Amino acid sequence: MKPAVFDYSAPESIGEALDLLAEHGSGAKVLAGGQSLVPMLNFRLARPAHLIDVNGVGSLSYISANGSLRIGAMTRLTAVGESGAVAGAHPVIPAAVAEIGHRAIRNRGTIGGSVAHNDPAAELPAVLMALDAEVTARSTDGERVIGMQDLIEDRLFDTTLGDTELLTEIRIPAAAAGSTFGFREFARRHGDFALAGVAAVITTDGSTITHAALGAFGGTHATRLPTAEAALVGAETGDAAFAAAGAGAAADFPATSDVHGTAEYRSHLINVLTVRALNDASGQAGGGNG
Amino acid sequence: MTTTQENRWIGVSAPRREDAPLIRGRGRYIADIEPAGTVHMAILRSPYAHARINGIDTAAAEAMDGVHCVLTAADLEGIGDFPTIWRLPGQKECTTPAFAPGKARYVGEPVAAVVADSRYLAEDALDLLDVDYEILDHVVDVEAALADGAPVINEDMGDNTIIEYTFPGINALGVAGDVDGAFEEADEIISGRFKVGRYSGVALETRGHVAEWDDLRQTLTLHSGSQVASLLRTELAAALGIPETSVRILTPNIGGAFGNQWDRYPEDILVSLASMKLCRPVKWIEDRREALQATVHGREQLQEWQLAANSDGTVLGLKGRVLSDQGAHLHSVGIGPAWVTGAAAVNQYKIANYHCDVVGVATNKTPNSTFRGFGGPEAMFGIERMMDKTARRLGIDPAELRRRNMIQADEFPYFSPGGAVYDSGNYPAALEKALEAVEYDKVREEQQSLRDQGVYRGIGISSYIHVSGFGPSAILGILDYYTGGYEGSTVKIDPHGRATLYTGMIPMGQGTETTLAQVAADHLEIDIANVRVVWGDTDQTPYTGFGSAGSRSNVAAVAVIKAIEEIKAKAVRIGAGLLEADPDDVAYADGRISVKGAEEMRSLSLADVAQQAYWAHKLPEGDQPTLEATYVYDPANFTTACGTHVAVVDVDIDTGKIEWVKYVVVDDAGTIINPLLVEGQIHGALSNGLGGAMLEEFVYDEETGQLLSSTLMDYLVPSFTDLPDFEIHHLVTPSPHTEGGFKGMGEAGCFPAAGALANAVTDALSHLGVEADQTPVTPSRLWSLIDQAGG
């Protein structure tokens, strides 16, 4: 389990990193926290000719809450999870971060790395989809802003980022006043990738749901749950609407079978977890495992 | 001197002397060993479950910079296979070759090896090996493997049936009784079909070796993590065709062995062969993917049982068929674990009429061989599930059903129809103690009220026997097991009166060094700090027969005691001369040699006598100089550890998730040498057992024959967050067969674990009729059962 040969660069600025990407293009891979890429290198599942290690690019690590929330791509998950600014703006984010792997993983793993790697079982792509987040991507040709939906839709272990682009920032619009959230996932052991999980953010005008955004993970790819959302918007909060949303979630969820569980089980789980997350959201409570 | 209880060490929770260096980073493992000039080996393994190897083009790899040699089956001329040492009557011949013999039979079977300057380069070179594989049909399921037209995995066997063995067997001691009569007579016949999942030790430290061939001295030094160095030395010398006197095995610290390290493996030969070819040290460290694919697996069985009972709960008979999924070929112990399943299945119960067919079946999977528990946990799972099914059918409480059928304390020695002789125990007392500890009646009451609130709580009882102390060599002979079961110990008292103990046992986490030091210090009645334990060097330590199956305390410790008896007798003879007393009037007590009745006046320390033994100026006639003794102890019988576990769980019927409420252990391992270490062993073995009950499983894809659980993200080892708090109680029924009354208990915790968990889950879902008959009981499997039951 040793990686194949690769060249290695450790740029210290975004400009240097972009130059290297421009030079090496599809032959290069960006190394962020390394929590997924390094095992893939060791398994020789990833064999980039060139590794661009951006851990030395200090300007990619920041959290700024000024209207919208902006998080630098190299911000460690522990920093994201412990940030008062993040918790104040979107408490669903620290709830989700707490379920990512173990502390040692969160200490190295980065928010940008998680999004760019886009593991279908990862929490953050689904959460950021539910929050209508955008990312900025830069290359030597300039900068563009991509909605999460457009970045990762229907893809796994891949995004619409170009070969010469570097994901530099996550931008999350301010939450609607009075919105609440629920976050639930089910893993076989604490810290494992979830078999299924859901982040639900809802807004009500008293008892009627005015906005609902649900992001799910653990299927073949991260996804919003449009049928579940449609079942909620305009409905009264409560068991009937939540049950309908759960059924909708199961219909929307791209479930798949593996050694940990069948697709049928996962579809059932997303239904159960959606109902539980919505109950959490309507009760203003936090999330949890299972 | 007056007699005191000072320096009595048996029964003391002495802290592990192994811990300080291990915790402070001064442990030394195989990976830490790298003699000057070491080169590194990597192994090409079959990516296919079943494929003929028509050729291997090694030219590109051999031409690569930094590559020293490439080995393939063509290099094995004159090299032997490792034998299967348990060869039951009717078992087809099968050995473990160093490379796949013309065809690969499982994903991970070694096909070629590369030795290069670094492991990185060696793995790069593996990419350059061009193997011409002809893919063959595969089979990864026992029933499919037995079906007509199934691909035959070992052509020389004719089919995939390796052996059909019937209990009571021709070479076992058991008596069948009248099985047909029992089933005719019975009020009820209860059936069960159980799938025991495939899992294994998955040690933190993977396997590894450093081989050093010295061509001038013609010696091979192998640094190895094997847990049975003596046997490895014997078999490796034979396989390599060199004198055993040329081979020295050195064992450093081991990061877990769990029986898996008992077997001999292809890599043992390959790393040695490469070193002999290159005349350089060659190192191979198994990586995690290799460890999951190529270290032996354990357990997997498909069991079918029928139990005959009267409506009063009396179990009249048991009959069964155990299909053991052996994987591609027999490994070191053959179908041994499945044989033990057949021998142990009647467990603690008086079941006079017994029949069991054990069938060893070849499949295109990693060989299934030695793993902690060795067939016992599989047997306990089947019988304990059957007892609960019977209780439910008869409307008798599961505790009461066990009570009515248990062998009583005054019925030992008990000759089981499986062929084992149970030495001692008090099964009903262990059951009652466990029920009391768990507050059984109260939990049963709460169960009712909780269910009304939608909380599904279940209680699972699981009793066990663990036949340990392998074993009496004569009985191993009767069982066609081609090694001895003894342990040797050499004890040397130095001229200052301190003891050095040489053991062939390999410490692999149990605290062997500490417990053997305790036994020696206790019997010499000296401070434990004055006992040193030497292990891990076949040039210094006695030959060990077995090195497994809880033989530490009850075999190795007895060898220590017996050697010390000889030393004490000699010390008394020498001391009597010095004290000018008749030896019959002199005794050894409190670490001193004294004239009886005059201990205050006429007494010598062990050091005084040892000094004289080394000066040898005036030794008693017939005594040799120095003060040392070697004793090789071959036990008269097995010992039988036993106990009862009770699990209490809640099941979330919406997700299939199992939440722990309580877990109570009552065990009886006879005399306990070190309670702290016993508790540690129970925690470890129980975690191992519950891991296989809930999480750990090697899953193969039917379509492709691939091992799907090939990383530790797919193969789930439990951590403490997945396990209950263990509440542990002890009973002590000393074994009448061993000096000291010790029984083996290093594995016992894993025996009843899966039965306890599955019985608790089944009990929690009794309103749905869900039966947890397959391990591991995963949330997905459990929910699927709940869903089918309409829950």
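Where in chain B does Pro15(B) lie? In this predicted model, Pro15(B) is found in the segment before helix H1 (19-23) of chain B. Pro15(B) has 13 C-beta neighbours inside 10 Å and therefore counts as partly exposed. Its C-alpha atom is separated by 44 Å from that of Cys356(B), a residue 341 positions away along the chain.

Chain B, to which this residue belongs, contains 20 helices and 30 strands. The radius of gyration of chain B is 28 Å, close to the 28 Å given by the globule rule for 791 residues, so chain B is as compact as a globular protein of that length. Its C-alpha trace spans about 85 × 75 × 50 Å along the principal axes. Of the 791 residues, 59% count as buried. Among contacts in chain B with a separation of 6 or more, 80% involve residues 24 or more positions apart.

The domain assignment divides chain B into domain 1 (19-26 + 486-633), domain 2 (33-136 + 206-294) and domain 3 (301-471 + 636-788). A distance of 40 Å lies between the C-alpha centres of domain 1 of chain B and domain 3 of chain B. The contact of these two domains draws on 19 residues from domain 1 of chain B and 21 residues from domain 3 of chain B. On the side of domain 1 of chain B that touches domain 3 of chain B, H15 and H16 of chain B each supply at least two residues. H16(B) gives the most to this side, with nine residues. By class, the residues of the side of domain 1 of chain B that touches domain 3 of chain B comprise seven nonpolar, 10 polar and two charged.

Helix H15 of chain B, one of the two helices named at that contact, covers residues 512-524. Its 13 residues reach 18 Å from the first C-alpha to the last, close to the 18 Å expected at 1.5 Å a residue. A residue counts as buried if 20 or more other C-beta atoms lie within 10 Å of its own. By this criterion 13 of the 13 residues of H15(B) are buried, so the helix is largely enclosed by the rest of the structure. Just after H15(B), Glu525(B) adopts a positive phi of about 55°.

In soluble globular proteins, nonpolar side chains tend to be buried together. The largest nonpolar core in the present model has 340 residues. Those that touch the most other members are Ala199(A), Met41(B), Val114(B), Ala520(B), Val560(B), Leu757(B) and Val761(B). Helix H16 (residues 551-579) of chain B provides the largest share of this core, 15 residues. With residues up to four places away in sequence left out, Leu757(B) touches Gly460(B), Ala647(B), Leu690(B), Ala693(B), Met694(B) and Val777(B).

Chain A has 12 helices and 13 strands. Its radius of gyration is 19 Å, close to the 19 Å that the globule rule gives for 290 residues, so chain A is as compact as a globular protein of that length. Along the principal axes, the C-alpha atoms of chain A fill a box of roughly 55 × 45 × 30 Å. Buried residues account for 51% of the 290 residues in chain A. For contacts in chain A between residues at least 6 apart in sequence, 64% join residues at least 24 apart.

In chain A, the assignment gives domain 1 (1-54 + 66-173) and domain 2 (180-289). The centres of domain 1 of chain A and domain 2 of chain A, taken over C-alpha atoms, are separated by 25 Å. Each of the two domains contributes 23 residues to their contact. Helix H5 (92-97) and helix H8 (123-130) of chain A each supply at least two residues of the side of domain 1 of chain A that touches domain 2 of chain A. H8(A) gives the most to this side, with six residues. The side of domain 1 of chain A that touches domain 2 of chain A has 15 nonpolar, three polar and five charged residues.

The contact between the chains takes 25 residues from chain B and 18 residues from chain A. On the side of chain B that touches chain A, the elements giving two or more residues are helix H3 (119-126), helix H8 (288-294) and helix H20 (779-788) of chain B. The residues of this side divide into eight nonpolar, six polar and 11 charged.

Definitions and conventions: Residues are numbered from 1 along each chain as its sequence is written. Chains are lettered from A and ligands numbered from 1 in the order in which they are written. This is a predicted model: local features need pLDDT of at least 70, side-chain atom pairs count only at pLDDT 80 or more; totals for chains, interfaces and linings use all residues. Two residues are in contact if their C-beta atoms, placed from the backbone, lie within 7 Å. Helices (H or I, at least four residues) and strands (E, at least two) are DSSP runs, numbered from the N terminus. Ala, Val, Leu, Ile, Met, Phe, Trp, Tyr, Cys and Pro count as nonpolar, Asp, Glu, Lys and Arg as charged, and the others, Gly among them, as polar. The radius of gyration is taken over C-alpha atoms; the globule rule is 2.2 Å times the number of residues to the power 0.38. A residue is buried if 20 or more other C-beta atoms lie within 10 Å of its own, exposed if 12 or fewer, and partly exposed in between; C-beta atoms are placed from the backbone. The expected span of a helix is 1.5 Å times one less than its number of residues. A nonpolar core is a set of buried Ala, Val, Leu, Ile, Met, Phe, Trp, Tyr and Cys residues joined through C-beta atoms within 7 Å. Domain bounds come from an automatic or database domain assignment.
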